[in-house]
Amino acid sequence: MHTSQFLQRQTGWQFDLRSAIIGALVAWILAGIVYSQRAAIQQLARNVWAPIAAWRHRVQASQEEKYVSALKKALTPLLLFAPTDPSLIFQPPSYRALAPLPTSIAEVTQSPKTVVVPHSALLHGHRKLIITGTQGIGRTTGLIMSAWQVTQTREGNGQRPYARIPVWINLSDVAKIDQDPKATALDHLVGMATLFLPGVVDTWLLRHLKGEPTLLLLDNWESLDVDQRDQVARWISEADALLPDAVWVVASSACGYGALVERGFVAAELLPTTDKAFLPNLYRAWSELQGMPIADGPGEEILESLAQALDEGAPLWEIHIRIVLHLTTGAHPTRPAEDLAQLLDAKLATVDLGRGSETIVDEAARVATGCLVALSASQRLEGRTLSNKDIRETIRAGLPPKKGRSRRLEGAARRLLTESGILCQDGKAWVPNHSLWADYLAAVYLAEAESGAEAVQAHIDDPGWSILSEFYAGLTDAGDVVAALVKASETERERTALLRAARWASVADPEQAWHKTLIKALAQTFMQLNLDTDTRLNIGRSLTIVAGSGARAFFLKMLQQRPIEIRCAALRGLGWTASPRDIPLMGAALQDSDPQIQESAVRALADLGTPGSITFLSDNLPQVNEMLMLVIAEILAGLPGGWQALEEHALHSDLMVRRAAALGLGQINEEWAEERLLEIAREDLEWLVRSAAETAIQAREEQAEHKTQVSPPPKVDQMDWLIAWAARQGQGLGVGHAAVETLLQAARQGNVDARILSALTLAHIGRKSDLLAVEALVRDPNPAVQQAAVWAAERINRRYRFDQPTT
């Protein structure tokens, strides 16, 4: 046999049946062994992998914890006085959002137009939100509180350490980011986030945005011009398509956010704080943060002063300042300008100027104050960047003539400027430590300048000048500017201008001559017939603040008017004037034939808030009709002095009284009230009362589960009434833009029901181009259509009203 033939035979493949059978048997045996021991093998694999997974989790958690810690450290200086533990002084606000639309005309009268959403539920509803409100009401603080809320550490079960990773974006930095044409929308947003927190790596942040639940917090929307708003809104929309699990919260002024609504965002208006129950705890928290804890709690005098400030419309920042000032100096002035003036003196006094400085300390403080005013005015009014050279030159310009000048005085003034905490360094530049200092010091400058009134009047519609102009009104005679506000309020659209003037009256010298002009304008507006209920009540409340007890005679006179709405508001005005002698008059109104008058009388007694008025409400609860019983029970639940009355009424012989008491107890957020409800649900002999208790218990549970949330915008192509209307016209509804066109057609051509429902829908989603259709409905002969259209027009105008951002 040739060698080549042998090799060919050796390399050829032949099937060996015996080897194949043996191999298959071995494989089956091994598979059987593995299958029989699968649980042990799986456990072994888990045991091997667990340390690796835990290590990876710790590394990731450690990175996230470092990021969150750095972010919180960067956010704290945005809060007034930069508290070391901001959670101690957080006061969770509430928000007013549009309620879900009624599904039929039958539900319109029973459905509220708005709902109040607690801060704890803000992030549990629609995931694209706009926090709106006036300057200083707490929009930035609301965003910061949300960042703290989602970063409460969660323990165990292999969960992520945080519910969401917060990302902070300062929209005023939009001009600073790299405008690379190849950059994506998400790149632009991440660029602004890294500008605020320079230590974070953009690739790390991008990976977390795409792979983890995140909360994007965007502040200062109002700082953008029209083109920038459209551009940023497009970026957000494009980025949102890549981040389906992200929650977006944008902070904006009260107007000019239409570009966001067009892209599915829903506005939630931040409501002013009126509840005074938190004041003692807030005072204690600041005493702890200031290193001066108190054993017995705050004194009654300071608490009464703070409560009165809230009644007069003081924002929370003013309450914080008054508390810190009282803790520091023992003073409690009653006007914001005085608060800042005394706080400024207190901060300058804390700077140690060294031994032997007693002879120059007063002069140095005077020079430093003048320099702070000049520097802040330059920065706030002209947008200038302050350098060390500016400080040096301003000090020298403020020193006395050369004969009285000394190097020591110049050095002392510089130390006061740089060490008092009024100014701080931002890189090489100097900036006011907080925007309130910038506004106050700029207002001092304008109050002393001949052109001050002209400058304030030129910015009367600028939301960024709201606080500055209030300080100005508290420092000088603002009669000319108030006159401009009163004149502007003569148009329906600008009635809020009158409320602003009334706020100025509460912060200004009460002897100013323009107070009488303002009182007259408020009274005349109160009597107008074309006011909505909320506006009339706000005007009446402002009249009470400006005119004081003198407003009582006016409200008594208004009770003689024929229009129901004027008489209802006049009753509330009597409650605000706080005269116990009017209790019999309010009691007589409980017997009025009109339910609106009856309810207004109940609420006026609650506004009065005296032990006598609470007792009067309690005594009358069993005497009134069933609907009014529920109103009184609700009022008593909101007054701690009325809680005992509700407990007593829960044992009343009349089952309707017990039913009302049970529903009232359900609104008291106390453990004893819940226990009492459970007892009523088990033991009351009447099914109606037990059912009321069960309803109240269920409502409490829903509130605990954040059932009151911000609802998403309505989907026009899924509205049953519009589908039915289109079908009656022999046409299909379509989707998207086509459905909106059908909605506008229903607004123009539909019957009364269709016109009302169309207007209410446009209040939610209407664009500027839809105003023509809405304004036609404002002139509709049907009053119900008019009312719905006015509501829609006001909201659309608010969304698209643009106020030039402050430079």
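## Surface patches

A patch is made of residues with over 30% relative accessible area and no salt bridge, where like charges are joined within 9 Å and nonpolar side chains (Val, Leu, Ile, Met, Phe, Trp, Tyr) within 5 Å. Accessible areas come from the Shrake-Rupley method with a 1.4 Å probe, and for residues only the protein chains shown count as cover. The model is predicted: local features need pLDDT of at least 70, side-chain atom pairs count only at pLDDT 80 or more, and totals for chains, interfaces and linings use all residues. Residues are numbered from 1 along each chain as its sequence is written, and side-chain values use heavy atoms, with hydrogens and water left out.

Aspartate 187 has a relative accessibility of 33%, so it counts as partly exposed; the term covers values between buried (under 20% relative accessible area) and exposed (over 50%), with a 1.4 Å probe and protein chains only. A nonpolar surface patch is formed by Ile21, Ile22, Leu25, Val26, Ile29, Leu30 and Ile33, and together these residues have about 660 Å² of accessible area. Valine 26 sits in helix α2 (residues 17-36) and is partly exposed at 44% relative accessible area.

## The whole chain

The chain has 37 helices and nine strands. Helices (H or I, at least four residues) and strands (E, at least two) are DSSP runs, numbered from the N terminus. Of the 807 residues, 47% count as buried. Taken along the principal axes, the C-alpha atoms fill a box of roughly 130 × 85 × 60 Å.

Strand β4 (residues 165-170) is mostly covered, with six of its six residues buried. In a regular strand the side chains alternate between the two faces of the sheet. In β4, Ile165, Val167 and Ile169 point one way, Pro166, Trp168 and Asn170 point the other way, and all are buried.

Two strands pair if DSSP finds at least two bridges between them. β4 pairs with strand β5 (residues 214-219) in the parallel sense, over six bridges. Within this pairing, tryptophan 168 stands opposite leucine 217 of β5. Serine 252 belongs to strand β6 (residues 247-252) and is buried, with 0% relative accessible area.

## Two residues with positive phi

Asparagine 220 is not a glycine, yet its phi is positive, at about 70°. Asparagine 220 lies in the loop between β5 and α7 and is partly exposed, with a relative accessible area of 22%. Serine 252 and asparagine 220 are 32 residues apart in sequence, and their C-alpha atoms are 6.1 Å apart in space.

Phenylalanine 81 also has a positive phi of about 70° and is not a glycine. Phenylalanine 81 is in the loop between α3 (38-75) and β1 (94-98).

## Salt bridges

Side chains of opposite charge can pair when their charged atoms come close. A salt bridge is a side-chain nitrogen of Lys or Arg within 4 Å of a carboxyl oxygen of Asp or Glu. The structure holds 31 salt bridges. One of them joins aspartate 240 and lysine 128, whose closest N and O atoms are 3.6 Å apart. This pair links distant parts of the chain, 112 residues apart: aspartate 240 is in helix α7 (residues 226-242) and lysine 128 in strand β3 (residues 128-132). Both aspartate 240 and lysine 128 are buried.

Aspartate 684 and arginine 658 meet in a salt bridge at 2.8 Å, N to O. Aspartate 684 lies in the loop between α31 (671-683) and α32 (687-704) and arginine 658 in helix α30 (residues 655-665), so the pair ties together parts that are 26 residues apart in sequence. Aspartate 684 and arginine 658 are both buried. Glutamate 794 pairs with arginine 795 in a salt bridge, with the closest N and O atoms 2.5 Å apart. Glutamate 794 is partly exposed at 33% relative accessibility, whereas arginine 795 is buried at 16%. A network of salt bridges links Glu318, Arg322, Asp339, Glu470 and Arg503.
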